[in-house]
Amino acid sequence: MGMVRYFLALSVVISHFNILTGADIPWFCGSYTGVCGFFAVSGFLVYGGYLRRRNIKQYIQSRARRILPAYLFTIVFFAIAFCFVSTLPVTEYFKSSQLYKYLIANICFANFVEPTLPGVFDNYAIPAVNGSLWTMKVEWFLYLSVPISVWIASRLKMRPLSSFLWIYILSVFYKIGFDYAYSATGKEIFQILSRQFFGQLMFFYSGVLIYHYFSTFMKYKWYIIIFNALCLIFLRENTVYYYVLEPFVISSTVLWFSMVGKWGTWEGRKDNVSYNIYLVHFPIIQLAVFMGLPETIGVPLCFAITLAACFALSFIMLYTVERHFWRRKQLG
């Protein structure tokens, strides 16, 4: 599913590039859909990894080796590099308590506590250094939910289908509740909460469900993709579809293209840096805006340079940082 991961990462990059630069690069998949697709892929891969081990310590260590090196490198690298972007002198920048608050908060997956660096992008409409990092705490909670959900299902003697459906239904009601609170009050906090851990369970466990019933999924793969296409064409504006069916439609479509045919797995044997691209693209786009590249060289060339920089830094992270912490065969 290597190429599908790159497609999802590219969708997030294009969406954020448009938001941060004011450009209008046409693309049919938004950032939120891309993120949800990643959660579905994670559910499929991570659940299988846990079932193969059934050892919580090894499971957590495997996830940590896969996720943390690139994540921590991204936080520290841009915190240091952006001292040259800050309006503060370098000495004052490194003395600022905001810098260390940023480092501690983000290392602890609490990007919302301090998303900005001292004197960096202060006058921007979106001053956050890396607006993509909000998903990382969600990702970790989703990982931790797997052994818990398996244990609860075994204690209650629930069949996998029943337990996954209950998780899906509870996630749907969670999102409906916070969306209603947002529409009733207009308070942004409710919209933010609707996208957090419980609101993403429906995507993650759609991936889990497909993994568990993979043979059935592949048996009816053509019926599934036709049904999904009809839903996307005719039901996109339907509220019931949006809350109840769309999460599974998005998840199953992403996994369908990951599993059916050779193109989706063409890149799968090589080192995939889509996760790294997701981590680094936001601050790189912010830097491009700071340098005035969209205005001076034009949007198309600016985007091409930004994307090339994302790939370059991602491969540097892979070969200089990540490979010291994990072996490919150990990771999902």
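Predicted model: local features only at pLDDT ≥ 70, side-chain atom pairs only at ≥ 80, totals over all residues.

Colleague: Okay, how many disulfides does a search of the whole structure find?

Modeller: The general idea is to look at sulfur pairs, which have to lie within 2.5 Å. Here the search comes back with zero disulfides. Take cysteine 29: its nearest cysteine sulfur belongs to cysteine 36 and sits 9.4 Å away.

Colleague: And what about cysteine 310, how far is its sulfur from the closest cysteine sulfur?

Modeller: That distance is 11 Å, to cysteine 302, so it's too far for a bond.

Colleague: On to charges. How many salt bridges are there?

Modeller: For these you check a Lys or Arg side-chain nitrogen against an Asp or Glu carboxyl oxygen, with a cut-off of 4 Å. The count is two. One joins arginine 66 to glutamate 322, with the closest N and O atoms 3.4 Å apart. Arginine 66 is in helix α3, while glutamate 322 is in the segment after α15, so the pair links distant parts of the chain, 256 residues apart. Both residues are buried.

Colleague: Which residue pairs with aspartate 179?

Modeller: Lysine 175, and their closest N and O atoms are 3.5 Å apart. They're four residues apart in helix α7, so about one helical turn separates them. Aspartate 179 is buried at 15% relative accessibility, and lysine 175 is buried at 8%.

Technical notes. Residues numbered from 1 in each chain as written. Heavy atoms only, no water. Helix = DSSP H or I, 4+ residues; strand = E, 2+ residues; numbered from the N terminus. Buried < 20%, exposed > 50% of the residue type's maximum accessible area, 1.4 Å probe, protein only.
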